[in-house]
Amino acid sequence: MVSPGQAAPIRPEILGLYRALLRAAREFRDYNVREYTKRRTIDGFRENQNLTDPESISSAYAEGKNQLAIAKRQAVVYSLYAPKVKSIMELENPADLIN
C-alpha cells in the first residue's frame, strides 16, 4: 500500500531489483536451484509488467524486495551444503561421463 508520503517505485528502482534478483540467482551453486530462481524472477516480472496502479506496483515491488532477501539468505545456506559434483547440465563435455 502506498502511504501518502511514499511514492511508487520508479522504473530504475524496479530494473535494479530485477538485476539484483538475477545476480542473486547466480550465487546458487546448484544448477537446478539457480535456473529455478532465474526462471521465477523472469516469470514474476513478466506477470507484473502491465501493472499501472501505484498501489499494486508498490506491493509487487515490496514482494520482490522480500524475495531478494530470501534468495540472498538461501544462497548462503545452499553454499554450505552444495553438492560436490556438478550437474550434467553444467559439464562442458557430457561424453566424459561415459568413459
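Predicted model: local features only at pLDDT ≥ 70, side-chain atom pairs only at ≥ 80, totals over all residues.
A salt bridge is a side-chain nitrogen of Lys or Arg within 4 Å of a carboxyl oxygen of Asp or Glu.

Residues are numbered from 1 along each chain as its sequence is written, and side-chain values use heavy atoms, with hydrogens and water left out.

**The whole chain**

The protein chain has 3 helices and 0 strands, in the order α-α-α from the N terminus. Here helices (H or I, at least four residues) and strands (E, at least two) are DSSP runs, numbered from the N terminus. Of the 99 residues, 20% count as buried. Buried means under 20% relative accessible area, exposed means over 50%, and partly exposed lies in between (1.4 Å probe, protein chains only). The accessible surface comes to about 7,700 Å², with 53% of it belonging to carbon and sulfur atoms; such areas come from the Shrake-Rupley method with a 1.4 Å probe, and for residues only the protein chains shown count as cover. A contact means heavy atoms within 4.5 Å. Among contacts with a separation of 6 or more, 69% join residues 24 or more positions apart.

**Helix α1**

Let us start with α1, which covers residues 11-26. At 1.5 Å a residue, its 16 residues should span 22 Å, and the end C-alpha atoms are 23 Å apart, which agrees. The expected span is 1.5 Å times one less than the number of residues.

Which residues of α1 are buried? They are Leu 17, Ala 20, Leu 21, Ala 24 and Ala 25. Seen down the axis of α1, the buried residues fall within an arc of 140 degrees, so they line one face of the helix; the arc is that of the directions from the helix axis to the C-beta atoms. Their cover includes α2 (31-48) and α3 (54-80). On the other side of α1, Arg 11, Pro 12 and Arg 26 are exposed.

Side chains of opposite charge can pair when their charged atoms come close. In this model, the side chains of Lys 38 and Glu 35 meet in a salt bridge, at 3.5 Å from N to O. Both residues lie in helix α2, 3 residues apart, about one turn of the helix.

Here are some relative accessible areas to compare with the structure:

| Residue | Relative accessible area | Class |
|---|---|---|
| Arg 34 | 17% | buried |
| Glu 35 | 24% | partly exposed |
| Lys 38 | 35% | partly exposed |
| Ile 42 | 22% | partly exposed |
| Tyr 81 | 68% | exposed |

Arg 34 is placed in helix α2. Leaving aside neighbours within four places in sequence, Arg 34 is in contact with Ala 25, Arg 26, Phe 28, Arg 29 and Glu 90. Ile 42 is also found in α2. Not counting residues up to four places away in sequence, Ile 42 touches Tyr 18 and Leu 22.

**A patch on the surface**

Finally, Val 76, Val 77, Tyr 78, Leu 80 and Tyr 81 make a nonpolar surface patch of about 550 Å². Tyr 81 lies in the segment after α3. Patches are made of residues with over 30% relative accessible area and no salt bridge: like charges are joined within 9 Å, and nonpolar side chains (Val, Leu, Ile, Met, Phe, Trp, Tyr) within 5 Å.
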